[in-house]
Amino acid sequence: MWKFSLRMAKDRVFIVAVSAFTILTVYPLLHIIYSVARNGLPVIMERGPTFFTGGMSEAGIGPAIAGTFLLVLLSSLIGLPIAFLVGVYAYEYPDSLIGRTTQALLQIMLEFPTVLVGVFVMDIIVLPMGTFSALAGAFALAIIMMPYVAVYTKEAMRQIPFTYREASFGLGVGRVKAIFRILVPLAKRGITTGILISMAKVAGETAPLLFTAGGLYESYPTSVTEPVGAIPLLIYTLIQSPSKDAHSMAWGASLVLLIFFLGVFIPIRRSLKVVRL
Amino acid sequence: MITKKTVFGLVIVAIILAAGAYACMSKESSKGLVSIRTTGATFPQYQIQKWIEIYLKEHPNVKIEYEGGGSGHGQEAFLQGLTHIGRTDPPVRESTWNQFKKTGDQPLQFPEVVGAVVVSYNVPGLNSLKLSKDALVGIFIGNIIYWDDPVLKELNPNANLPHKEIIVVHRSDSSGTTSIFTTYMSLINKTWKSRVGAGKTVEWPTDSMGRGLGGKGNPGVVTVLMQTPYSICYTELSFALEEGLSVAEIENAQGAFVKPTKNTIKAAVSAVSSHIPSPSEGYMEDLSQLLNAPGEDSYPIVAFTHLLVWKNLGGKHYSTKEAKAIKDFLFWILTDGQKEENLAPGYVGLPPEVAEMGLSAVNSIHE
Amino acid sequence: MYSRVADRFRLITSPAVFFVFILFCGMLAVYFSNAYPAIRREGVHLFLDNTWRAAEEPEEEYYGIAAAIWGSIYTSSIAILISMPLAISYSIFVVDCAPKRVKNVLIITSDVMAGLPTIIYGIWGVFVLVPFMKRYVMTPLYEHLHFIPLFSTPPISGFSYLSAGVLLAIMVTPFSSAIIREAYQMVPFRYREGAYALGLTRYEATKVLLGYIKPAIYSGLVLAFGRAIGETVAVSLVIGNSFNLTPSIFSPGYTISSLIANQFGNSFIYGHMRPVLYAAGLVLFLIGFLVNLAGMFILRRWKKNVEI
């Protein structure tokens, strides 16, 4: 009897601890969403539409929003084609020397500190150009985006049953046609998911933009070779000011960023679970 | 195979493309728009921002982007061509000036406003603080450890000084404000001069004692001060006014204890005949000319803060539109901007002959 | 005929692959070449000393980034110390205890946390976490236990190794828990059946099963460490940015990434600061690289053993 209850007691404690720790793990997200909403909503309500369209002097973050869109668009244009091709290569030749090295390289790049990417791009683009620019920022973001898209592409293609490959080759379809015309469209959902998740992630990056984008918050960006602002970068700058106004603006901008991120990420993520071929 | 997911994905892509198109469209509608960028010292932050705001009202198509970063960053951004107008508190050093000239263009430096470095503190229950020269140095060099040190008690017999360690907040970035403050400290105390010296970045003795904190930019320092009880810092007067911080009375050259106000700053400026060299030889200016000024009412830590522009030889750094806008803006700063109603709290206008030097420089910019 | 067609595929995709290779090598080359002057000038003391003397005269400059290296390693260690029990518990709960709907919600929550923009963690950290930590955790601990060296610094502003470590733990747990969760799920059902058949309690059975996936746990730990060390924005906002080198967790400090983030903007006017920052970046890269390599290696070896 005595031994039995000690074991049961340990078991009880264990269950409680595990449950408690699990709640502790996910609770911060809830609290973060709550804090951002609670602090950001009043700011947006108060300032209305000018918050989204006005420049800094009008207490608005319009240029930052435009900047983020521009940067995401540009970095996708630069990074997606390359990443897609790399992902397909890694899928097709997983065991070749180049293939294995590529996969290892992708893993390394996935975990690369983002600030170092920014510093690198500053060295090779910003300084020679003589100015901060959307191009530089987009390039830095593209470098960060690439491993994600490549890995998602490869994994999505790997989900396709082997029978489709066999059938294509059995019919005499060449490798290029088989992969790009038959298999890739089959993996379309997984690949698109990967692309959208990577775009959402890159929209929230700050460190790579610190030394490349420059910041532009009074007027809307008009050219890719000029400095540009971004929402995360703006928030970072505003947090470090002592004025309460700057802090309110930071919360408001955070809410905008959060809504954008969750709005893209959650539906995409949910649909990923559903992908079954 | 148009599924819900495909539609959703297309919608997202469409939104992004639309936003991009909007950004390009605004390019069309903003044909008349000029974007100017100014980077550097946070010492004149509130003044520059006020000027930008007022100027924007009369010139809505000239968008002036304010960027901080400190005097060091301002000089560097100016050198690299990453900004149009650099801002630096201390005059640029000769070596840096030569680097500027190596770009093939002629740099111009001139003051735009006068400000004061104040000593601000955050001690609950303490509303006024007198600091003699020795006390000031003692605190920042680390010899005076507690707020209720006998030296401080003697200077402030009625004050509520607690037995807590003094936390010294300083700049973590390359700062003109630090330069002004440490130059003053070197001026009034030999031990400081040999041990710490002057410069945009120095090694603060209190850091190694565990009683030091760094903040980025004047805003950063003030943020840290406000969040850290029993701390003390040095910052520009406007920040103390803007955030309602307590400011110490400092002993001036005459031995009187003065609070930093518009009048005490003006007294310092008028007590000294400022010598501003030609703007094309800005490195020759002496940072310490307004420091420790004589006069009963003079506040001791007063300084000019400067703007850096290019003469734009051969259109090297500015397009015609930009050059025109820059000239116009700077001209306005040195004339209308110096009027009392356009000055921000904590700053004092330039003596007329100093403003003249700046105007001659601005007029010489090539379009 | 076939080889020509195969070549066409390679022709299309190889440029992309080579581009990535060149990019990566380029990054390393830029880092090494920019860092070299600093290493040549100061030698190994660059990494062992704790000084930061930036001066206008180039001869006067002297930099030692020991404080930043210490800070990076220390905060990441605190982070994984806190994160490990959380990640393991979470994985156990999701795989063993949770009903299906809750399981999905928990997994998506974890993924959202993994991808959440770090600046949002940062702003929450500065305005919510740090005041909370200072009032409810650090001050009581300091008042009662300040004789222990670990707690010996008075928590003045709340910005400290501990705050950074806790924030990092929250940010990094989703990464390690993803790996551990997947591995735990893969444990063959028969082991579970066997354990319960022998009459083990859930606690004892779980202990056995976790032992089975130990390499995955190590791998998760190591990958989390690598992630934590590279984090810049959130950490630089809550660590206090002070050149301290102390084990006291309430003290403000510096990490390599926040050093770079803060000082790079200034570095051009100081003749020798820029190479030092590149050298710091190199250290960061090396630590992260080695750590990730180790993690991947452990995981791969274990996966090979398990996938029969």
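1. Which residue's side chain does Lys339(B) meet in a salt bridge? The partner is Asp336(B), at 2.7 Å from N to O. A salt bridge here is a side-chain nitrogen of Lys or Arg within 4 Å of a carboxyl oxygen of Asp or Glu. Lys339(B) counts as partly exposed, at 40% relative accessibility. Asp336(B) is partly exposed too, with a relative accessible area of 29%. The classes are buried under 20% relative accessible area, exposed over 50%, and partly exposed in between (1.4 Å probe, protein chains only).

2. On the basis of the model: it is predicted, so to speak of local features takes pLDDT of at least 70, side-chain atom pairs count only at pLDDT 80 or more, and totals for chains, interfaces and linings use all residues. Residues are numbered from 1 along each chain as its sequence is written, chains are lettered from A and ligands numbered from 1 in the order in which they are written, and side-chain values use heavy atoms, with hydrogens and water left out.

3. Asp123(A) is buried, at 18% relative accessible area. Helices (H or I, at least four residues) and strands (E, at least two) are DSSP runs, numbered from the N terminus.

4. Another bridge stays within one helix. Glu155(A) and Arg158(A) meet at 3.7 Å, N to O. Both lie in helix H6 (residues 134-158) of chain A. They are 3 residues apart, about one turn of the helix. Glu155(A) is partly exposed, with a relative accessible area of 31%. Arg158(A) is exposed, at 54%.

5. Chain C has 12 helices and 2 strands. Along the sequence the pattern reads α-α-β-β-α-α-α-α-α-α-α-α-α-α. Its C-alpha atoms fill a box of roughly 75 × 75 × 30 Å, taken along the principal axes. Of the 308 residues in chain C, 61% are buried.

6. Helix H5 (residues 118-145) of chain C deserves a look. A straight helix of 28 residues would span 40 Å at 1.5 Å a residue, but H5(C) spans only 33 Å between its end C-alpha atoms. The expected span is 1.5 Å times one less than the number of residues. H5(C) bends by about 50° at Gly125(C). That bend is the angle between axes fitted to the seven residues ending there and the seven starting there.

7. In chain B, 3 strands form an open sheet in the order E5-E10-E11, with mixed pairing. Strands E5 (130-131) and E11 (257-258) stand at the edges, each with a single partner strand, so one side of each is left without a neighbour in the sheet. E5(B) pairs with strand E10 (residues 249-251) in the parallel sense over 2 bridges. Pairing requires that DSSP finds at least two bridges between the strands. The bridge partner of Leu131(B) in E10(B) is Ile250(B).

8. Leu97(A), Ile98(A), Phe18(C) and Ile22(C) form a nonpolar surface patch with about 420 Å² of accessible area together. Helix H4 (97-110) of chain A and helix H1 (2-42) of chain C each give two or more residues to the patch. Ile98(A) is partly exposed, at 32% relative accessible area. Patches take residues with over 30% relative accessible area and no salt bridge, joining like charges within 9 Å and nonpolar side chains (Val, Leu, Ile, Met, Phe, Trp, Tyr) within 5 Å. Areas come from the Shrake-Rupley method with a 1.4 Å probe; for residues, only the protein chains shown count as cover.
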